[in-house]
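Please have the sequence and the coordinates open while reading.

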Amino acid sequence: MQWFVFLYIIINLLATVICTTIAILVPQRTAQADWGFRLFALMTALWCAASGLFFLNRSLNDFWIWTGIQLVPYVAIPVLWFYFILQFTGDSTPHPVFLFLVPAATLIIYWNPDWSWLMWSITKKDWWFGISIAQYERGFWFNFMHTPYSYALILLGHCYLLRAMWQSRRKKIQPLFILFLCGLIPLILNILTLSPLYDSLRFFDLTPIGLSISSVCFCWGLSHYQLLQRSPLAYQQIFASLKAAILVVDLHYRVIEFNAAAEVLLGCTQNSIGDSAKKLIEFLQASDWHQLIHEGQTEVLAIDRWFQLEQFPIRRQQKLLGYILNISDITKSRQLQEQVLQGALLYDALTGLPNRTLFADRLEQAIKYCHRDPNAAFAVAFIDLDRFKIINDSLGHAAGDRVLVEVAKRFQSCLRSEDTVARFAGDEFAFLLTNTHNIDIASLCERLQQKIKEPILLGTHNVATSASIGIAFGSARANAEQLVRNADIAMYQAKANGKGTFAVFDQAIGSQTIRTMELEVSLRHALEREEFFLVFQPIVAINSGKIQGFEALLRWQHPEYGLIVPSVFIPIAEEMGIISMLDGWVLQNACQQLRRWQQQYPMLNLTMSVNLSSANFMFSNLVETVIQVLEATQILGRHLKLEITESIVMKDPDGSAKVLEKLKEYGVGILLDDFGTGHSSLSYLHQLPFDGLKIDRSFVQEAQYNPQSLEIIKTIISLAKGLRLKIIAEGVETGFQRQMLQDLGCQLGQGYLWAKPLTKRDGDRFIADNVKAMML
C-alpha cells in the first residue's frame with residue numbers, strides 16, 4: 001500500500017507543475033488572455049499540491065490544515081468553470097461576487113470551530129502508514145448546499161456547451177466538444193471519489209488528477225483550435241447580427257455564405273449559394289464592379305441611398321482562399337458629410353461660431369430690417385484679444401487654440417440668443433447686437449471684460465487676457481463693410497486707450513486710429529531703418545554726487561512724426577508681438593555702450609540698468625538672451641541691472657521667482673521699478689531675490705507739498721533698509737529733494753538735478769566732468 005501512496009503523491013506533484021506552467025504560459029501565448037482559465041489552472045495546481053502533500057501530515061491538526069487548503073480549489077473550481085464557459089460561448093455573465101457567495105460561506109463554516117459540524121464531523125481517528133487519517137460523516141451544509149450547488153454549476157456549464165454545439169455548424173463543433181470533454185473527465189472522477197464504492201480509498205482523491213488531465217486536453221485544443229482566441233458561437237452570432245450585408249465568396253466570386261442583412265438587402269436565399277456575387281448585387285454598374293475588384297472598395301448611389309462596398313481577402317498561411325464583401329448603407333454618413341461641408345463654409349471649425357461669411361449675411365439682413373422698420377437699431381462690435389500673440393508664441397498654438405475656444409464660450413454666455421457672435425480670424429471676433437434700444441452698451445462691455453479677464457488654466461500656466469472692443473452703430477443707410485471697418489477702427493482706439501477697454505466710433509476716433517495703424521506699419525521697419533536710439537540717464541550717489549551707473553532709455557525718431565516716447569509705441573509693439581525683439585536690441589546696445597565706458601573708466605565700476613517690458617518677461621527666452629548678451633559684450637553679470645515693475649511680479653509670483661533665480665545665478669541685479677504705484681504685496685519682497693527698490697518720481701516730486709507722499713517715501717526707505725535692499729530715487733530735480741532723500745537715508749538717485757537722459761557723446765562728457773569733480 002505504501003507504493004500506492006508514494007505514486008499518488010508523485011502524480012499530484014507532477015500535475016501541480018504542469019498546471020502551474022499552463023496557468024503562466026498559456027494566456028501569454030494567446031491573443032486574448034482569459035483570466036477565468038488562468039485562475040482555473042492555478043486552482044487545479046493548488047488542489048493537486050494539497051492532495052499530494054496531505055499524506056505528509058503527522059497530527060490531527062495537520063489533517064485539518066491540509067483538508068482546509070484542498071477546500072479552497074474544491075469550492076472555487078466549479079464557479080470558475082461555469083464563468084469560463086459563459087465567457088467562451090458569449091452568454092451574459094453574472095457578477096462573480098454572486099457566484100462566490102456559497103463557496104465563501106463553505107470556507108467560513110469549515111474554519112469556524114462552532115460551525116464545522118455543518119460540513120462534516122469526525123467519527124473515527126486512525127493512522128495509516130504514519131499518517132493521521134480521520135473518518136468523518138458529511139454534514140447538512142455539505143450534503144444539501146455545497147455539493148448540489150457545485151454540481152449544478154458544472155452541469156449548467158455543460159448544458160450551455162450542449163446548446164452551443166446544437167446551434168453551431170458542424171465544422172465549428174470540435175472546440176466545443178473538447179471543452180465538454182474537459183469538464184466531463186473530472187466530473188466523473190469526482191463522482192467516483194464520493195461514491196460508496198470508493199469509500200475505503202476516499203482520501204486518494206482522483207478529482208485533481210482529472211482536472212490536470214482536462215488542462216492538458218485543453219492545451220491540446222488550444223494548439224489545434226486556438227480555443228482562447230475565438231468563440232465559435234459568439235462569432236457566428238456577430239456575423240448574423242451585423243447590420244452591414246456580408247457575402248463570403250470564393251476566388252471566382254461565387255457565394256459561399258451570407259448573413260441576415262444580405263437576405264434583406266440583396267434577397268439572398270439558400271438557393272443563392274453558388275451564385276455569382278455580381279448577379280446578386282444588381283445595382284452595381286460595370287465600372288463599380290471593376291473598381292471594387294481592383295481597388296478594394298467603391299461607393300454607389302442606388303434606390304435613393306448610398307452604399308459602400310468593400311472587399312477583404314481571406315487567407316490561410318499566405319494562401320488566398322476567397323473574399324469577404326461588405327456592403328454598408330452610408331446614406332446618413334454622406335448626408336452628415338454634406339452638412340459638415342456646408343457648416344465649414346459658414347462656421348468656424350475651431351470654436352463652432354459663425355464665420356465672417358455668415359456674419360456678413362446676418363449683418364445685411366439687419367440692415368434690410370432697418371429699411372422696413374426705421375425705428376430698429378443695431379450695432380456691430382469688433383473684439384481683439386490683448387497679448388494673444390505672446391500666449392500663442394510662447395505656449396504654442398495648441399494652447400492658443402484652447403484660449404480661443406474658452407473665450408468664445410464666454411462671449412456666448414454674455415450675449416442674448418438673438419445676437420450673433422462670430423470669429424473672423426485669429427483672435428478677432430465680431431458681435432452683431434440687435435435691438436440696441438434695450439441694451440446698455442457700457443454695461444455689456446464691462447460684463448464681457450470681467451468674463452474674459454478670469455484666468456484660463458493651460459497645464460501649469462494660469463493665463464489671463466483682456467479684450468479691446470470697438471463699437472459702431474448701424475442704421476438703414478449703413479454699409480455692411482463700412483460698419484465692420486468703423487468697429488475695427490474703434491477697437492484700435494480702445495487699444496490705444498490702454499487695452500481692456502471699449503470705444504465707440506466717431507470721426508475723431510477714426511483719424512486718431514488711422515495714425516495708430518500707420519505707426520504699426522512704421523514700427524515693423526523701424527529697427528531695419530535704424531530709427532531707434534538709446535539715451536542714458538546717470539545714477540549717482542546722493543551724498544557725494546559720484547556716478548554709479550546709467551539707466552538705458554529707448555527713443556524712436558519717426559521720419560514723419562518726429563520723436564515718439566515709449567509710452568506711445570511700447571504698447572503697440574507689445575500688441576504686435578515684436579516687443580521681445582525690441583528688448584533684445586536695447587539690452588545688446590546698452591551693454592555694448594557700458595563695455596566701452598568700462599574700458600575708458602575702469603576705476604568707476606559702472607553699472608547699466610535696463611527696463612524689461614511686462615509682455616516680454618514671462619513668455620520669452622529671457623534668461624538665454626541675457627546670458628548671450630553678457631558673453632558677447634564681456635560684461636560681468638553684477639554690472640547689469642534689470643528693472644521690472646510690480647505688475648509683472650503680481651501676474652505670476654511663482655513664475656517670476658523662477659526667472660529671477662536663474663538670472664541671479666549669473667550675478668544679474670534685479671531692481672523693482674516704480675515701487676508703491678502698483679498693487680504692492682510686501683510678501684513677495686522677501687520671497688523674490690531683489691537687489692533694490694526704485695522710488696517712483698511722483699512721490700519724490702510731491703513730498704515737499706504732500707505729507708502722505710513724504711510718509712510713503714519714509715516707509716519705502718525703512719522697508720528697504722530692513723530687507724537690506726538698495727534704494728534709488730527717480731525724478732530728483734531740486735536741491736531740497738536731494739537733501740530730503742539724503743536725510744532719510746536714500747543712497748542713490750537720478751533726475752534732472754544731475755542730468756537729463758544723455759546721448760552717448762553727452763554721457764562721455766558727464767563721466768569725464770564727474771571724475772574731475774571727484775578728484776578735486
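Glu 406 has a relative accessibility of 26%, so Glu 406 counts as partly exposed; buried means under 20% relative accessible area, exposed over 50%, and partly exposed in between, with a 1.4 Å probe and protein chains only. Its salt-bridge partner is Arg 410, with the closest N and O atoms 3.0 Å apart. A salt bridge here is a side-chain nitrogen of Lys or Arg within 4 Å of a carboxyl oxygen of Asp or Glu. Arg 410 is buried, at a relative accessible area of 9%. Because Glu 406 and Arg 410 are four residues apart in helix 16 (residues 397-414), about one helical turn separates them. Helices (H or I, at least four residues) and strands (E, at least two) are DSSP runs, numbered from the N terminus.

The model is predicted: local features need pLDDT of at least 70, side-chain atom pairs count only at pLDDT 80 or more, and totals for chains, interfaces and linings use all residues. Residues are numbered from 1 along each chain as its sequence is written, and side-chain values use heavy atoms, leaving out hydrogens and water.

Side chains of opposite charge can pair when their charged atoms come close. The structure holds 15 salt bridges, and the table gives some of them.

| Pair | Closest N to O |
|---|---|
| Glu 406 and Arg 410 | 3.0 Å |
| Glu 730 and Lys 694 | 3.3 Å |

Glu 730 and Lys 694 form a salt bridge. This pair links distant parts of the chain, 36 residues apart: Glu 730 is in the loop between strand 22 (726-729) and helix 29 (735-744), and Lys 694 is in strand 21 (residues 692-695). Both residues, Glu 730 and Lys 694, are buried. They also belong to a network of salt bridges that links Glu 551, Glu 643, Lys 694 and Glu 730.

Lys 714 and Glu 711 sit in helix 28 (residues 707-722), three residues apart, or about one turn of the helix. Lys 714 is partly exposed, with a relative accessible area of 35%. Glu 711 is also partly exposed, at 44%.

The histidine is His 639, found in the loop between helix 23 (622-633) and strand 19 (640-645). His 639 counts as buried because its relative accessibility is 8%. Leaving aside residues up to four places away in sequence, His 639 touches Leu 594, Gln 598, Asn 605, Leu 606, Thr 607 and Met 608, where contact means heavy atoms within 4.5 Å.
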